[in-house]
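This report describes a single model, taken part by part. Please look over the sequence and the structure before reading on.

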Amino acid sequence: MDIGFNGIRVAGAQALANALRQNSTLTKLNIGGNDIEVAGAQALADALGQNSTLTTLNIHGNGIGVAGAQALAKALGQNSTLTTLDIGFNETGVAGAQALANALRQNSTLTTLNIRDNRIEVAGAKALADALRQNFTLTTLDIRDNRIEVAGAKDRKSTRLNSSH
């Protein structure tokens with residue numbers, strides 16, 4: 001289902017989360033650009049803990065911030081069906097990247113993660129690089145436009161981490 005850029009905001013995300021808890025057929029959800037903010041991301045993350053069919057979630061450009069990324073990271077530890085997560089353009093910052101890195105150490109189903117343009121900086125890139133030393137299922141990681149600079153790029157090269165476009 002693609003409902004990107006429809007202005008559903010927090011209330012719409014919460015309604016979708018309620019539906020996802022009971023839905024057993026939906027496999028792809030694009031809610032990018034809907035201003036769902038932290039509360040909407042937290043509601044969706046809670047639903048992911050109960051949903052066993054969703055494989056793709058695109059939540060880019062929603063202003064979920066650090067707390068939203070942390071909630072989704074926690075959900076990745078419980079969910080065993082999600083294979084693709086796009087949280088690009090969400091201001092998740094270093095702490096959001098670190099939370100996702102911790103989730104990647106446990107998660108064995110996610111194959112694609114887009115965290116483009118989230119200001120993860122060097123510390124976030126290093127956390128992800130360290131996590132990928134333990135995670136062998138992630139095959140695509142988009143970390144473009146994150147203020148990583150030279151130090152983060154060097155650390156990234158020392159692992160099997162590849163930035164994908």
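## Two residues with positive phi

Glu91 sits in the loop between β3 (84-86) and α4, where helices are DSSP runs of H or I with at least four residues and strands are runs of E with at least two, numbered from the N terminus. Its phi is near 60 degrees, a positive value in a residue other than glycine. Most residues other than glycine have a negative phi. With a relative accessible area of 45%, Glu91 is partly exposed; buried means under 20% relative accessible area, exposed over 50%, and partly exposed in between, computed with a 1.4 Å probe on protein chains only.

Asp145 is in the loop between β5 (140-142) and α6 (149-157). Asp145 is not a glycine, yet it has a positive phi of about 60 degrees. Because its relative accessibility is 45%, Asp145 counts as partly exposed.

## Basis of the model

This is a predicted model, in which local features need pLDDT of at least 70 and side-chain atom pairs count only at pLDDT 80 or more, while totals for chains, interfaces and linings use all residues. Residues are numbered from 1 along each chain as its sequence is written, and side-chain values use heavy atoms, with hydrogens and water left out.

## Helix α1

Helix α1 covers residues 9-22, which is 14 residues. From its first C-alpha to its last it reaches 21 Å, close to the 20 Å expected at 1.5 Å a residue; the expected span is 1.5 Å times one less than the number of residues. The buried residues of α1 include Val10, Gly12, Ala13, Leu16, Ala17 and Leu20. They lie on the same side of α1, because they cover an arc of only 160 degrees around the axis, the arc being that of the directions from the helix axis to the C-beta atoms. On the other side of α1, Ala11 and Gln22 are exposed. The cover over the buried residues of α1 includes β1 (28-30) and α2 (37-48), where contact means heavy atoms within 4.5 Å.

One of the buried residues in helix α1 is Leu16, with a relative accessible area of 14%. Leaving out residues up to four places away in sequence, Leu16 touches Met1, Ile3, Ile8, Ile31 and Leu44. Leu16 and Leu44 are 28 residues apart in sequence, and their C-alpha atoms are 7.5 Å apart in space.

## Helix α3 and its packing on α4

Helix α3 (residues 65-78) has 14 residues and spans 21 Å from first C-alpha to last, close to the expected 20 Å. In α3, Gly65, Gly68, Ala69, Ala71, Leu72, Ala73, Ala75 and Leu76 are buried. Their cover includes α2, β2, β3 and α4.

Two packed helices are described by the angle between their axes and the distance between the axes. For α3 and α4, the angle is about 0 degrees and the axes are 8 Å apart; axes are lines fitted to C-alpha atoms, for helices over the stretch in contact, and angles run from 0 to 180 degrees between N-to-C directions. The two helices α3 and α4 are therefore roughly parallel, a term for angles under 35 degrees. Val66, Ala69, Gln70, Ala73, Leu76 and Gly77 of α3 meet Ala95, Gly96, Ala99, Leu100, Ala103 and Gln106 of α4. This contact of α3 with α4 has eight nonpolar, four polar and no charged residues. Ala, Val, Leu, Ile, Met, Phe, Trp, Tyr, Cys and Pro count as nonpolar, Asp, Glu, Lys and Arg as charged, and the others, Gly among them, as polar.

## Helices α4 and α5

The axes of α4 (residues 93-106) and α5 (residues 121-131) come within 8 Å and cross at roughly 0 degrees. That makes α4 roughly parallel to α5. On the α4 side the contact involves Val94, Ala97, Gln98, Ala101, Leu104 and Arg105. On the α5 side it involves Glu121, Ala123, Gly124, Ala127, Leu128, Asp130 and Ala131. By class, the residues of the contact of α4 with α5 are eight nonpolar, two polar and three charged.

## Two buried loop residues

Thr53 is in the loop between α2 and β2. With a relative accessible area of 16%, Thr53 is buried. Thr53 touches Asn23, Ser24, Thr25, Leu26, Thr27 and Thr81, again not counting residues up to four places away in sequence.

Key. Parallel < 35°, antiparallel > 145°, perpendicular 65-115°, else oblique.
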